[in-house]
Amino acid sequence: MILHAYSREQAVLEAKRCIQCRRPWCVEACPITQDCREYIRLIAAEDFDGAARVTLRDDPMASSLCKVCYRYCEDACVVGKKGVPVAIRHLKRAAMEYGRSDLAYVASRPTQERVAVVGGGPAGLMAAWELGVRGYSVTVYEREPEVGGLVRTIPAYRMTDDDLRLDLARFRDLDVRFVRSHRVGAEPKVDQLLHDGYAAVVLALGTPDHRTLGIPGEGLPGVLPALGFLRDVHEGRPVSLGKEIVVIGGGDVAMDSVRTALRSAPGASVSLVYRRDRKEMPADAEEVREAEDERVRFLFLKAPVELVGREHVEGLVVRSVELGPPDAGGRRSPVPIVGSETTIPCDTVLVAVGQRTDLDGFPADLDLKVTSQGWPEGKGPQHATSHPRVFAIGGKSVVYAMGAAKEAVDELDRRLREHRHEAPAPRPDPFGGDTPFHLPAGYTKPIRS
Ligand SMILES: Cc1cc2nc3c(=O)[nH]c(=O)nc-3n(C[C@H](O)[C@H](O)[C@H](O)COP(=O)(O)OP(=O)(O)OC[C@H]3O[C@@H](n4cnc5c(N)ncnc54)[C@H](O)[C@@H]3O)c2cc1C
Ligand code: SF4
Ligand code: SF4
């Protein structure tokens, strides 16, 4: 979604719509337990500096999240039951833009222990922050030249690298070191990191690679993985698109692809082919509406069969499908209609059918579970693997990945403290204040969607 910022006055008016629920449903629905009720209260009182500080106390990626978070809090907001929910994410952006947000995090007393984080996406960055403010010395190994993970494929009309840079600048006084262009797995191996003096390892490998369709013709010139296309546009590298572009997929990456294709190839026709119907699309409903407004042509209930062309892609053969009974996950499975094949003429195809992880060189005995959306995570409590000092995390969105990191570091810190004969303790105030992390008044239990 393209977010237009509130003015100060609009933000204060919007914040006043919040009824300051005794039970903070919005906080319970936030995977990082962001105390949004409190920052909204401060904005209503015109204290934007206070609101920025409260926001950053729980959310080290607030400059990015205030633009791209999928707003799980707003789905739970009670004001939304009878009307429009409070615009909690827009208010986070107002806190960051009108309040003092160029703060620096402060580490608590050094623990003298080192922890390696593998992967510098949202999960790895959150783990590094959680560990850094608790006084650990953290090294983040990132295989790409820059950290950020999939956030670095989000198109610039939604967020830019400057937002990520603002977030990372607040880490400057923590003992967090980034080792870029350095893949962990085959060399060095996880075991080696533990032998080299790291007390623990957090694997935050995410899904850096794209999935393929597995149909004939996928190797033809003009057929491109959507992830690579979005990354190129994001990095400012030239992209070569034709005049008849087809995007295959129904998730958020497909939606970013159609909209980025429209912007990268003015005048081109852009169609989206999806094998289920609109109701079943996993993409954010607002993104779908906005893509329709931008005149993307949606072709539902079409399954790709083959890509055809001589020296370059010239067409996508699709078969019509109808939706059968729900599968184990509750979604209706597409059933092909025999003899219904048609060819959609095209000169560019962007394949957006999901991402996958790269576990090459990681030992099988860590007993990782690869989720249906592709990232590996520990099967044990709070994402622990079979090794007591190795955790594995990831998530379906930026804030879910960060939430997993928070849970894992809570448990990892508890285990390392036990080893040091120290009592468990909550995360200290990340700005060096006296009040450690605590759940806001009235909080009962997490709401997860
Ligand atoms: C186009 C696109 C748009 C999206 N839009 C949104 C959005 O608007 N809002 C939202 O909330 N979410 C969005 N998402 C999803 C979100 O980006 C992911 O859920 C999130 O990035 C997952 O974080 P992660 O840290 O688990 O994994 P990743 O972001 O995949 O990060 C993993 C990192 O680990 C690194 N790595 C992997 N293996 C190794 C290794 N062996 N050694 C060293 N480094 C390694 C990778 O290079 C990568 O930097 C979008 C995703 C895409 C692709
Ligand atoms: S991080 Fe996302 S879910 Fe949490 S309060 Fe902010 S907008 Fe809501
Ligand atoms: S649930 Fe909605 S109304 Fe209640 S505190 Fe949160 S933002 Fe305010």
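**Close-up 1. Glu287 and Arg259 meet through their side chains in a salt bridge (3.1 Å, N to O).** A salt bridge here is a side-chain nitrogen of Lys or Arg within 4 Å of a carboxyl oxygen of Asp or Glu. The pair links distant parts of the chain, with Glu287 in helix 13 (residues 285-293) and Arg259 in helix 12 (residues 252-264), 28 residues apart; helices (H or I, at least four residues) and strands (E, at least two) are DSSP runs numbered from the N terminus. Both Glu287 and Arg259 are buried, where buried means under 20% relative accessible area, exposed over 50% and partly exposed in between (1.4 Å probe, protein chains only). This is a predicted model, in which local features need pLDDT of at least 70 and side-chain atom pairs count only at pLDDT 80 or more, while totals for chains, interfaces and linings use all residues. Side-chain values use heavy atoms, with hydrogens and water left out, and residues are numbered from 1 along each chain as its sequence is written.

**Close-up 2. Arg134 forms a salt bridge with Asp410, their closest N and O atoms lying 2.7 Å apart.** Because Arg134 lies in the loop between helix 8 (122-133) and strand 2, and Asp410 in helix 14 (residues 398-419), the pair ties together parts that are 276 residues apart in sequence. Arg134 is buried, with a relative accessible area of 4%, whereas Asp410, at 33% relative accessibility, counts as partly exposed.

**Close-up 3. The side chains of Arg152 and Asp161 are joined by a salt bridge (3.4 Å, N to O).** Arg152 is buried at a relative accessible area of 11%, and Asp161 is buried at 17%.

Definitions and conventions: Chains are lettered from A and ligands numbered from 1 in the order in which they are written.
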